[in-house]
Amino acid sequence: MATRNHGPTPASSLATPLLSDSITPTTPTRAANGHARGHDGDDDLCAAASVCDGGGGGDPFAFLSEDSRPPRPPGPSPADPFRNRTPWLGGPYGWARTLLLAPVATARLVLFGLAIAIGYAATWVALRGWTDSRERPREGAGPMPAWRRRLMWVTRLSARCILFSFGYHWITRKGRPAPRELAPIVVSNHVSYIDPIYFFYELFPTIVSSDSHDAIPFVGTIIRAMQVIYVDRFSPASRKSAVNEIKRKAGGNSFPRVLLFPEGTTTNGRFLISFQHGAFIPGYPVQPVVVRYPHVHFDQSWGNISLIALMFKMFTQFHNFMEVEYLPIVYPPEIKQENALHFAENTSYAMAHALNVLPTSYSYADSMIASRAEEAGKANCSSYMVEMAWVKEVYGVSTAEAMELLEHFLAMNPDSDGRVKAQDFWAPFGLDCSPLCKKIFHYFDFENKESITFRQFLVGCAHLRKQPLFEGVCETAFEKCKAPGTSDISLAQLADALRSGMLPPADDRMLKLFETFDIDDDDKISKDDFVACLARFPFMIALFAGRINGEVYIEIV
């Protein structure tokens with residue numbers, strides 16, 4: 001049985017000592033029913049309760065603010081905008097259709113190869129001797145000369161043959177492209193690799209593309225002829241450079257239209273995910289375009305399916321349906337400060353209305369999270385998605401930070417529903433479910449399900465990091481844990497610091513916790529190690545709340 005030695009300050013005012021350099025020492029009292037041992041060796045017991053007691057509720061992070069609990073986030077959407085819902089062969093009908101169309105698929109494959117070869121040859125000739133296309137388009141390069149653009153019609157017709165080989169014998173088009181002078185930027189939802197092939201044939205625009213696409217055989221050369229604007233989505237400098245190029249090319253009528261897929265990745269077409277703002281920052285009018293792939297048996301979206309498998313399915317269909325609708329031009333808001341955000345929202349709502357779908361707060365980062373969970377062999381990978389656009393807007397969490405936390409969450413052995421129980425939560429740190437650890441876990445478990453999702457883990461950690469006192473408390477905790485006159489925390493000192501809030505774990509587990517804090521593996525915890533570890537696992541600051549506030553954890557013998 002354990003209780004706490006606690007000073008006269010009530011638990012609700014735990015933030016007070018952190019605002020001053022001095023902490024009033026606790027006054028121990030004698031236990032009437034036994035002896036108690038504090039970490040200072042006194043056989044005393046205080047009956048006052050604190051946030052680290054085993055019973056009742058209580059906020060283990062009350063010392064960070066008056067209300068440190070994160071606001072309850074909106075319930076996770078049941079949507080999975082990235083999942084292709086067609087089985088591999090689609091049952092008996094799929095098998096029969098595949099066997100029947102096998103000879104047709106062979107002919108389509110031959111047509112596809114010929115079209116690629118002819119298109120590549122025509123593009124190679126069109127780019128031959130053009131200095132602005134050597135290796136890769138340079139920033140600030142001029143527009144493609146008119147005669148070279150006319151030669152690219154061969155490649156554009158080859159693109160239409162490629163669409164035909166994939167079963168798009170006719171394509172329904174609604175509306176018309178607006179004149180380039182009125183809308184120099186075109187934005188579209190992104191469902192399949194078929195989308196850019198169609199727009200290449202229809203508009204021959206300048207596109208914004210990932211750096212990695214340049215290395216794709218044949219394709220890299222063809223998109224280079226479109227005077228592609230390359231961007232590394234994880235590099236702020238690259239994104240800024242891409243926006244400047246979009247603005248430059250959209251502002252000059254000698255360049256073709258600029259085409260962007262603001263979702264940044266493909267979806268299954270049943271939802272719109274959060275838009276990136278690159279198309280909207282320049283402030284030019286945009287024409288939204290929506291692409292639909294009506295189907296009964298075959299979902300043509302490029303979601304959680306390999307490119308080869310998707311191509312095979314397309315080759316073995318009687319016909320694949322595609323609809324392209326050009327929407328009215330959307331103009332930027334008049335208030336310049338609101339341009340990018342509101343411009344993107346207005347465009348998203350217009351496209352969602354035309355598609356009759358819901359805009360969501362999912363983003364490309366959510367597809368990365370689901371893919372990583374799948375790589376780790378987890379079932380129900382969509383349960384790991386967090387609607388990253390909302391998390392980033394509210395808490396400023398980057399994709400890299402979310403992926404790092406995901407790795408730690410996966411190490412906690414989530415179950416088949418993607419949920420982690422308290423015991424598994426603390427196991428990677430060598431800790432048991434002590435009363436304090438249960439309170440910390442309950443902070444994340446606001447649904448009271450005795451388990452948490454990655455979304456709850458991410459939001460809880462992000463909220464703690466955002467507390468104004470958090471950084472100062474981390475530094476204070478380090479000063480209180482190390483011995484006077486030293487600059488590091490040893491294993492024994494870390495164990496002693498834990499005694500202010502819980503019974504330290506056994507030696508082997510204590511070493512595991514020490515190694516968590518010892519980031520540079522030099523057998524001691526420096527201030528940088530300590531602060532970096534708490535930035536990574538902000539919930540562990542509660543383990544040192546007692547030491548910060550001058551409390552003593554004691555055990556009744």
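**Arginine 292 and the cysteines**

Modeller: In this predicted model, the side chains of arginine 292 and glutamate 325 are joined by a polar contact of 2.6 Å.

Colleague: Which backbone oxygen does the side chain of arginine 292 reach?

Modeller: Arginine 292 belongs to strand 9, which covers residues 286-292. Leaving aside neighbours within four places in sequence, its contacts include Lys174, Phe321 and Glu325. At 3.0 Å, its side chain reaches the backbone oxygen of alanine 354.

Colleague: Is arginine 292 buried or exposed?

Modeller: Buried means a relative accessible area under 20%. The computed relative accessible area of arginine 292 is 18%, so this residue counts as buried.

Colleague: How many disulfides does a search of the whole structure find?

Modeller: A disulfide would require a pair of cysteine sulfur atoms within 2.5 Å. The search of the whole structure gives a total of 0 disulfides.

Colleague: Which cysteine sulfur is nearest to that of cysteine 437, and how far away is it?

Modeller: Cysteine 437 is buried, with a relative accessible area of 1%. Cysteine 437 takes part in no disulfide, and the nearest cysteine sulfur belongs to cysteine 433, at a distance of 6.9 Å.

Colleague: What is the relative accessible area of cysteine 533?

Modeller: Cysteine 533 is likewise in no disulfide, and the nearest cysteine sulfur, that of cysteine 474, is 9.6 Å away. Cysteine 533 is classed as buried because its relative accessible area is 1%.

Technical notes:
Residues numbered from 1 in each chain as written. Predicted model: local features only at pLDDT ≥ 70, side-chain atom pairs only at ≥ 80, totals over all residues. Heavy atoms only, no water. Buried < 20%, exposed > 50% of the residue type's maximum accessible area, 1.4 Å probe, protein only. Helix = DSSP H or I, 4+ residues; strand = E, 2+ residues; numbered from the N terminus. Polar contact = N/O pair within 3.5 Å; in protein donor to acceptor, adjacent residues only side chain to side chain. Contact = heavy atoms within 4.5 Å.
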